[in-house]
Amino acid sequence: MRPYAFGVDIGGTTVKLGLFETEGNLLEKWEIPTRTEEDGRQIIPDIAEAINEKMKARGMTPDDVQGIGIGVPGPVLNGSIVNRCVNLGWGVMDVAKEMGRFTGVENIAAGNDANVAALGEMWKGAGEGHENVVMITLGTGVGGGIILNGKIVSGIHGAAGEIGHIKVSEDEALPCGCGKKGHLEQYASATGIVRKAKELLLDPAKESVLRDLETVTAKDVFDAARNRDGLAEEVVRFSCSRLGRAMSYIADVIDPEVFVIGGGVSRAGEILLDTVKKYYRETVFHASENTEIALAKCGNDAGMYGAVKMILP
């Protein structure tokens, strides 16, 4: 195996790049802007230029590189074909072919960014030592990735792991970002947590330190709940009960070794973990009650680690 590999995590604002040794050591990481203008036509050339410059600076050639792995914020088919990526302005594109054309590196693979991050956590994070991992990312929305037998499950349409769109409520009046209603993303995302807090704050009879804040964030809610604020505790129970329920549905279908929870909301730590575990165990089939549930460890680097893992033999 060749000594080096590049991991690329494409976001809507920046592209994170990492130079790795193929056994998994991250040697260097850096970022470049994501130029989404003109339907994102400069994104791949910009990434290739950044990689070519790094190889030149370190005296490397494509023969020293095992491959380039790429995480993309959209569905990816066959490890290469992006099937519409609205955040980047892309339609249908063969990402691997384009990257190879600009870099001379032959072994290139692409995957959905959430799935790739899950692979990174399996390889070098909270899922290390396991081959069957479900990762859930709680941020502005709710994303996810599924790894079975060490491989990403992407699905026929590249949409496997869309955990945020599991339906967990029948009586939701407002639509999810996808247009349908009652989805997990509406309750367990940072946006959903704040929405629930604001809804409860409309009741003047409910006392809460959150009333003193000009702007309420999900972090504020968890901080207040940690200090026994009744309204904040109610929000945490509400959001975590829906998350625990959705995880029980997943476990009843694929029975993973570990659930890994990441994203900005996961920084709440043990209060999040303990509350989710409670509701998960109340709902799931008894055989899966003791499935490990852990907080992610790789942080924002998970996508780069997973991208590299994709191109290893």
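The following legends describe close-up views of a predicted model.

In this predicted model, local features need a pLDDT of at least 70 and side-chain atom pairs count only at pLDDT 80 or more, while totals for chains, interfaces and linings use all residues. Residues are numbered from 1 along each chain as its sequence is written, and side-chain values use heavy atoms, with hydrogens and water left out.

**Figure 1. The largest cavity and its lining.** Rolling a probe the size of a water molecule over the atoms shows where empty space is left. On a 1 Å grid over the protein atoms alone, a cavity is a set of points where a 1.4 Å probe fits but cannot get out, a pocket is an open set with protein on both sides within 12 Å along at least five of seven lines, and lining residues have an atom within 4 Å of a point. Grid points are joined across faces, edges and corners, and a volume is the space filled by probe spheres set on the points. The structure holds 1 cavity of 30 Å³ or more, and the volume of the largest cavity is about 30 Å³. Its lining is formed by Leu138, Ala188, Ile193, Phe222, Ser239, Cys240, Leu243, Val265 and Leu272. Helix 8 (residues 230–254) gives the most to this lining, with 3 residues; helices (H or I, at least four residues) and strands (E, at least two) are DSSP runs, numbered from the N terminus. The lining comprises 8 nonpolar, 1 polar and no charged residues, where Ala, Val, Leu, Ile, Met, Phe, Trp, Tyr, Cys and Pro count as nonpolar, Asp, Glu, Lys and Arg as charged, and the others, Gly among them, as polar.

**Figure 2. The second largest pocket.** About 200 Å³ of space lies in this pocket. Leu119, Gly150, Lys151, Ile152, Lys309, Met310, Leu312 and Pro313 form the lining. Strand 11 (151–152) and helix 10 (302–310) are the elements that give two or more residues to it. By class, the lining of the second largest pocket has 5 nonpolar, 1 polar and 2 charged residues.

**Figure 3. The packing of helix 7 against helix 8.** Two packed helices are described by the angle between their axes and the distance between the axes. Helix 7 (residues 218–226) and helix 8 pack at an angle of about 115 degrees, and their axes are 8 Å apart. Axes are lines fitted to C-alpha atoms, for helices over the stretch in contact, and angles run from 0 to 180 degrees between N-to-C directions. Val221, Phe222, Ala224 and Ala225 of helix 7 meet Ala232, Glu233, Val235 and Val236 of helix 8, contact meaning heavy atoms within 4.5 Å. The residues of this contact divide into 7 nonpolar, no polar and 1 charged.

**Figure 4. Serine 248 and serine 266.** Serine 248 lies in helix 8 and is buried, with a relative accessible area of 1%. Buried means under 20% relative accessible area, exposed over 50%, and partly exposed in between (1.4 Å probe, protein chains only). Not counting residues up to four places away in sequence, serine 248 touches Tyr280, Thr283 and Val284. Serine 266 is placed in the loop between strand 12 (258–262) and helix 9 (270–283); serine 266 is also buried, at 12%. Beyond its neighbours within four places in sequence, serine 266 is in contact with Leu138, Ile261, Leu272 and Leu295.

Figure 5. Most residues other than glycine have a negative phi, and most peptide bonds are trans. With a relative accessible area of 66%, arginine 228 is exposed.

**Figure 6. Isoleucine 81 and its contacts.** Isoleucine 81 belongs to strand 6 and is partly exposed, with a relative accessible area of 25%. Isoleucine 81 and methionine 93 are 12 residues apart in sequence, and 5.6 Å separates them in space, C-alpha to C-alpha. Residues up to four places away in sequence aside, isoleucine 81 touches Pro75, Val76, Val92, Met93 and Asp94.
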